[in-house]
Amino acid sequence: MPNTATVYQCPACTGPLRFAGDSGKLECAHCGNDYEPATIQALAADKERAAVAAEEPAWATAAAGSPWSDAEAAGLRVYNCPACGAEIICERSVAATSCAYCGNPAVVPKLLSGQLRPDYVLPFRLEKDAAMQALKAHYKGKKFLPKTFTAQNHMEEIRGVYVPFWLFDCNAEAAYCYRTTRVHSAQTAREIITTTEHYRVTRGGEIAFRRIPVDGSTKMPDAHMDSIEPFDYSDLHEFSTAFLPGYEAEIYDLSAEQSAPRANERIRESVESTVAATVQGYSSCAKEYGRLQLNENEVKYALLPVWMLHTRWQGKSYLFAMNGQTGKLIGDLPVDKRRVCAYFAGIAAPLAAAATAAVLLLGGGF
Amino acid sequence: MRKTLQKLFGLCFGLLLLFILAIPGFAAQRQIIDDAKLLTNDELESLERTAARLSAELGYDFGVLTVQSTGGQTPIDYARQAYDLHGFGRGAEKNGVLLLLHMDERDWVICEKQPERLNDAVYREMEDAMLPYLQNGSYAEGFAAYMDAAVPYLNGSRELPDDDGMGAGGKLALVAAVSLLPAFIYCAMQLSKMKSAKAAVNAAGYIPQDGVRIDQRQDLFLHRTVSRRPIPQATAKSAGTHSSSSFSGGGFSGRSGKF
C-alpha cells in the first residue's frame, strides 16, 4: 500500500506547515505565522476544487431547437448562396433574388433538411421605412464619409432577416481567491514607517444569467450582432412560421456547442468583475485563482429580427445591421482620405499661421 | 596738553580710517570676496585680476561672494543686499552681476543689477558652465567659468539668446503643437465615429435583478511586513541633485539653486 502524505503550505510564504501539539495549530517555521487546521484544510480544498473546475464549462445543448414538422418543411423554401455559404429560409411563395449577406444574385434553391426548428422567434417591431431613416441618420454628421458612397449605395435593398441566435441561460457558481494588502504609513522625525498587512480573501456565490444571445451565423460578424444588443425578450414568442412572411430567416451554421465559448467568455468576464467588486477596503488586490461552474444551464434556439443592408463600394463590402425591435443601427463606414487631409489642413493651417504670428509678435522671431 | 590732544586726534583718525576701511562701501574695490575661505591666495589674486580686467574692458563688474551663512536671510535677499553693501557695479547704473555661494546650505545665486545686460538664457549658460566645478569643489575654475560664459554676450561677439527659454526649435515645436494637435484630435474624433461595431466583452446586461448572491466572504489575515525609510535631511537633500529657478525684483534679476 503506497504511503501518501499531505504537505500543507503556509498561505503567507508557501513554506511547509508543522502541527504544534501544545497550541493545536499549524505553524510555519519560515515566517512564524500559525493557523487553525480547519482554515488550512478549507484553503487546500478550495485550491483542489479550483484546479478541477479550470476546464471549459459544459452546456446542456440537447434541448436547443427541435426537428421541423413535415407540414412546416413543406411550406418553406431554402436558398443557398454559393458565394458566402449563407442559407436562407423563405416562405415557399417568396423567391429570394439575392443573398442578404454578400449581395450575390445567384442564390440556389434547395431542400430543408438536417436543421433544427427554432424554439423562439422575436417578431420585427420596426418596418423597412424605419431602417431607411436610421441608415440616413447613421450617415449624418460623418465628415469623412465619401459623398459617392451615400449616392451609390442602394437603400432600397435593406432586407429584414431573422438571424439565428443561441440563448444561453445559467446560474454561475463562483469561488474566487485573492491576495490583498492593506498599507498604513506613519512618520516620525527621522523615518517613514510603512506597515503592509497581507490577507487572503475568498468570495463565493451564484450569479444568474438569462438569455445571453450568441449568433449562430459565421456570415454575420460577431461585433455587428453584439453591438445591436439588447433585444427586448418580453416580446419573445414560441416559434411559428406565421412570423416569417415578408422576411427571410437564416439557417444557423454554428452549432450551440460551437457558439458556447463566446457565451463562456462573456459570463466569466462578468462573474470576475462582479465578484472582484465585493473585495473592498484594500490597497491592492490580485486574483490568486478562481472556480466557475455553470449550474442549471440551458440553451435555446431563437430567431431575432435584424434589418440588414449589404453594399459594395470601391471593391470593399460594407454591412449595416439594425435591431428590428429597438432601431439601434451599426455598421462601419468608409473613410475618404482626401477629406481627412482637407479637414486636417483646414484646421492646422490657420492655427499655424496664428501661432506663427503670435511668436513673431511676442517672441521676436524664430 | 597739546601733545596729548594731537595724540588723541591721531588715535581717533586712525580708528576712523580703520572703521572706514572696514566698511565695504568705503573699502578698496574688491570683486572677489571669499569669506567662506574656498580659494587659495593665488586663486584669489588671479580671479581678482581677471575680474578687474573685465570690469575695465566691459564696463561691467563680475562679483563673487562666498559666505558660510546668510544669518537666516534667503540667499537671494542676501545677494541683493550684499551687491549694494559691497559696492559692486560699474557706472551710474552699477552695472554688474554677483555670484553668491552660501556654503551651509550649498546655495548659489547669480544676481544681476537692473537694467540687465544679460538675460535668463545667459544665466542658465552661466549655471551650466560653473555647476560641474562647484559640485566638484573646484571653486576657482567654477568662478572663472561663470565669468567666461557671460563675456561673449557683453563684448558683443554673440547676440543675446531668446530669454523665454525656447530656441528656434522650441518655437517651431510650439507652433506645430498648437496647430497640429487640435487638427489631430478633431480628425481622430471624426474617424472614431466611422467605426461603430464592437464585440461585447461581458454579459452584465443579462444578469436579472437580484441575480447576484455572494454569500461566502472570508478575509483571512496572513502576516504583516514593516519597512522603514529614512527621511532625507536638509543637507542630504541638497547633495547630489540640483534644481534652479529664476527671479526678478528689487532692482535685480537672476537665477538661484543648489549645488
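## The open sheet of chain B

Let's start with a sheet in this predicted model. In chain B, 6 strands form an open sheet with mixed pairing, in the order S1-S2-S3-S4-S7-S6. Strands here are DSSP runs of E with at least two residues, helices are runs of H or I with at least four residues, and both are numbered from the N terminus; two strands pair if DSSP finds at least two bridges between them. The edge strands, S1 (32-34) and S6 (244-249) of chain B, each pair on one side only. From one strand to the next, the twist averages 15°.

S6(B) and S7(B) (residues 252-258) run antiparallel and are joined by 6 bridges. Look for B:Ser246, which stands opposite B:Arg255 in S7(B).

A word on the ground rules: residues are numbered from 1 along each chain as its sequence is written, while chains are lettered from A and ligands numbered from 1 in the order in which they are written. As this is a predicted model, local features need pLDDT of at least 70 and side-chain atom pairs count only at pLDDT 80 or more, whereas totals for chains, interfaces and linings use all residues.

## A helix packed on strands

Helix H3 (residues 75-85) of chain B has several buried residues, including B:Ile76, B:Tyr78 and B:Tyr83. Buried means that 20 or more other C-beta atoms, placed from the backbone, lie within 10 Å of the residue's own. The buried residues of H3(B) pack against S2 (61-67), S3 (96-102), S4 (107-113), S6 and S7 of chain B. Just after H3(B), B:Gly87 takes a positive phi of about 70°.

## Two helices side by side

The axes of H2 (residues 41-58) and H5 (residues 139-154) of chain B come within 11 Å and cross at roughly 10°. That makes H2(B) roughly parallel to H5(B), a label for angles under 35 degrees. Axes are lines fitted to C-alpha atoms, for helices over the stretch in contact, and angles run from 0 to 180 degrees between N-to-C directions.

## Where the chains meet

The contact takes 66 residues from chain A and 53 residues from chain B. Residues are in contact if their C-beta atoms, placed from the backbone, lie within 7 Å. On the side of chain A that touches chain B, S11(A) gives the most, with 22 residues.

S11(A) also runs antiparallel to strand S5 (residues 212-230) of chain B, joined by 17 bridges. One pair to find is A:Thr195 with its bridge partner B:Val226 in S5(B).

Note on methods: Two residues are in contact if their C-beta atoms, placed from the backbone, lie within 7 Å. A residue is buried if 20 or more other C-beta atoms lie within 10 Å of its own, exposed if 12 or fewer, and partly exposed in between; C-beta atoms are placed from the backbone. Angles under 35 degrees count as roughly parallel, over 145 as roughly antiparallel, 65 to 115 as roughly perpendicular and the rest as oblique.
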